[in-house]
Amino acid sequence: AQSGWKPSGALFRETRMVISAKPDSKKNTGGRVWRPSSWREMPVKQVPTYPDEARLQDVEARLHKALPLVYTGECEHLKKLIAKASRGEAFVLQGGDCAESFEEFEKYGGDNIRDTFLLLIQMSIVLMYALGLPVVKIGRMAGQFAKPRTSPMEREKNKKLELPSYRGDMINGPEFEARARVPDPERMLRAYHQSTATINLVRALAYGGFVDLHRIHEINLEFVNGTPQGKRFFEYAARITDALRFMSSCGIQANSPMIKQAEFFVSHEALLLPYEEALVRQDRETGKYYATSGHMIWCGDRTRQPDGGHVEFLRGIANPIGIKCGPSLTEAELIELLDILNPDNEPGRITLISRVGAGRVREHLPRFIECVQREGRIVTWSCDPMHGNTVTTASGVKTRRFDDILSEVKEFFEVHREMGSIPGGIHLEMTGQNVTECIGGMYELSDADLATRFESRCDPRLNASQSLELAFLLSEYMSG
Ligand code: PEP
Ligand code: MN
């Protein structure tokens, strides 16, 4: 009988902690004690109010007992790699969907996950080869299901009906019907299970020999094969094959795990705090707390208030964390955030992901860099050229122009170069599928093409050939 079965070993149970889902008694004053639940005492933006409190608590209790998705040692390892990027000894490539979806997961049977993974590997090979630096690969996946929204309500294209906004599959449904938009806590469980399957697949692909550099010619996405980017990738592949053959003729066995495997990490925005709290675990050896929902998590531009619940949650967990830095971030706030989130100035702990928009980098990035330099803070600088460049077309479709994305990246590198600071990474919304969501690129996708294959749940993603094109251009500026 399955129903009465309980794990008998202590292996998992002892590492779990019992967390009260109720607010703590300590008030949010100076000497506030951090708990996985202390965010509940603070003002919290973007987290929905669930209509049925009892069902929410039931889901939270089940997630408290669920297995961690990542191991604390992996988070510490990633922190060290991100620290290298802060010193210019590595480069961080972070990318994936704007929002993962339940429907795509069912429709593609893992192919979309494999393709995005493969595309990140291809881009990292291009960057590694051109820069002579290790590339740290982090997917926006296995947890990227909750979306902050600017407006609480949204209107269907050209229609009168207004409904509460879609907030990601982990919160409510995308269908334009009132019922779908009611936040449903069960969705957290579904997102958790999808995340476990996703991370299992990427671990298998990363460590199971699929991306062994000896079979680099197989590492290409079907639809990129005939394209100029695909051809260019094959030139790199041929050079890598030659290098491996040369090593082998020298008697060097190129069978190191570094050649046969790819290190790969997962990340998402830590938006839905009840989910994040439920997956916090304490490391038995060090006593530190970790978000085990992903290796790295980040704080969105809409939820980074120094006195808000999201920052409170993030301050107590030991994972590497990102902070999105949009145009409204002041220098004082930035330093306050670094004080709260990284009081020990630990390298690799903080990645500042600027996303200010093409043409606005010179207005904002220098002031961020200047105060970080003045205060002697250690951060890893990353560029998100997506979120400051969203436009709506005449026909009402949300898109981004490839040229704007490129301009923001260029400006990011120029400003860092001028200020003697180190550009350490890039953060992209992208997919290995042949979608038509961003305008431009070598194929000159136009406004009219957007209708062909627009599948994103939320923001427009670069498709595979656009992403690869970006990787080639990036490797040119960075090595040039
Ligand atoms: C995102 O990364 O999908 C996002 C919403 O970003 P930001 O918080 O920078 O707007
Ligand atoms: Mn987005």
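I began with the helices: α4 (residues 111-131) and α5 (residues 186-207) pack at an angle of about 45°, with their axes 10 Å apart. For the record, this is a predicted model, where local features need pLDDT of at least 70, side-chain atom pairs count only at pLDDT 80 or more, and totals for chains, interfaces and linings use all residues. Residues are numbered from 1 along each chain as its sequence is written, while chains are lettered from A and ligands numbered from 1 in the order in which they are written.

Helices here are DSSP runs of H or I with at least four residues, strands are E runs of at least two, and both are numbered from the N terminus. The axes are lines fitted to C-alpha atoms, for helices over the stretch in contact, with angles from 0 to 180 degrees between N-to-C directions. α4 and α5 are therefore oblique to each other (under 35 degrees is roughly parallel, over 145 roughly antiparallel, 65 to 115 roughly perpendicular, the rest oblique). I also noted that α4 passes α5 in a right-handed crossing, meaning that the near helix is turned clockwise from the far one by less than a right angle.

Next I looked up β14. Buried takes 20 or more other C-beta atoms within 10 Å of the residue's own, exposed 12 or fewer, partly exposed in between, with C-beta atoms placed from the backbone.

I then checked the strands pairing with β14 (a pair needs at least two DSSP bridges). β1 (residues 91-96) pairs with β14 in the parallel sense over five bridges, and G96 has E429 of β14 as its bridge partner. β11 (residues 380-383) also pairs with β14 in the parallel sense, over three bridges; there S382 stands opposite G425.

On to ligand 1. I find C98, P148, E269, G300, D301, R302, K324, R355 and H387 around it, each with its backbone-placed C-beta atom within 6 Å. That shell divides into two nonpolar, two polar and five charged residues (nonpolar: Ala, Val, Leu, Ile, Met, Phe, Trp, Tyr, Cys, Pro; charged: Asp, Glu, Lys, Arg; polar: the others, Gly among them).

Last, the phi values. Q46, not a glycine, has a positive phi of about 70°. Q46 sits in the segment before α1 (53-64) and is buried, with 21 other C-beta atoms within 10 Å. N345, not a glycine either, has a positive phi of about 55°. I place N345 in the loop between α10 (331-341) and β10 (350-354), and with 14 C-beta neighbours inside 10 Å, N345 counts as partly exposed.
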